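Please keep the sequence and the model in view while reading.

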Amino acid sequence: MQTVFYARVSTADQTIAHQEKQARDAGFTIDRVVADHGVSGVSTRLAERPEGKRLFDMLRAGDVLLVRWVDRLGRNYADVTETIREFMRRGVVIKTIINRMTFDGATADPMQQAVRDALIAFMAASAQAQAEATKAAQAAGIEHVKATEANAYRGRKPSFTRAQMDTVRDMLAQRAGIGFIARSTGLSRQAVYRIRDTPADAEAALVKWGL
């Protein structure tokens, strides 16, 4: 039995080491790290990612697949739910760092199975909704920059990185409190509020500064 931590890094300021440290700090023991770099989770299925597809060959019954959140397992609702169910059919247990969710195919009680499957569907739907909201904010931010690019003044440099903004968005989607998010990311409450209340402006600020 082994615990494999799968991470996906899609932007320059994200690092595997940082994500692994977050997992270990949360109390998880990791035997192996598998990571994809520069891969979009929005457009690429897990089985089509260079390292993601290795998981299907590597993991055996009784192994644990650890991910930061279920959105790492697919590009949309259908991908996420099918990936989780496929691993469960193989006897792999899936755990998430955020909210410490566990999905185990060994559950035999029909009621527990129903609750588990409903939870999988809800979590996958939440992940897709967050991904779509992120894409919308990015598009709006880029358009805002284009509309004002004639003005060379970029404003104050953002107090957050793209990786921090992505983390804030993930935690907001899981209904985490503002104070908890601020402590977890090292950001001020004001920065968290800005990302939550004006996502397009937050995205535009990062684009203007090339972050």
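**Salt bridges in and beyond a helix**

The side chains of Glu82 and Arg89 are joined by a salt bridge, with 2.7 Å from N to O; the term denotes a side-chain nitrogen of Lys or Arg within 4 Å of a carboxyl oxygen of Asp or Glu. The model is a predicted one, in which local features need pLDDT of at least 70 and side-chain atom pairs pLDDT 80 or more, while totals for chains, interfaces and linings use all residues. Residues are numbered from 1 along each chain as its sequence is written, and side-chain values use heavy atoms, without hydrogens and water.

Arg89 also forms a salt bridge with Glu86, where the closest N and O atoms are 2.7 Å apart. Arg89 and Glu86 are three residues apart in helix H3, and therefore about one helical turn separates them. Arg89 is exposed, at a relative accessible area of 56%, whereas Glu86 is partly exposed at 21% (buried is under 20% relative accessible area, exposed over 50%, partly exposed in between, with a 1.4 Å probe and protein chains only). Glu82, Glu86, Arg89 and Arg90 are linked in a network of salt bridges.

Helix H3 itself comprises residues 77–89; helices are DSSP runs of H or I with at least four residues, numbered from the N terminus. Its buried residues include Val80, Ile84 and Phe87.

Elsewhere, Glu203 forms a salt bridge with Arg169, the closest N and O atoms lying 4.0 Å apart. Glu203 belongs to helix H8 and Arg169 to helix H5, so this pair ties together parts that are 34 residues apart in sequence. Both Glu203 and Arg169 are buried. The whole structure holds nine salt bridges.

Technical notes: Helix = DSSP H or I, 4+ residues; strand = E, 2+ residues; numbered from the N terminus. Expected span 1.5 Å × (residues − 1).
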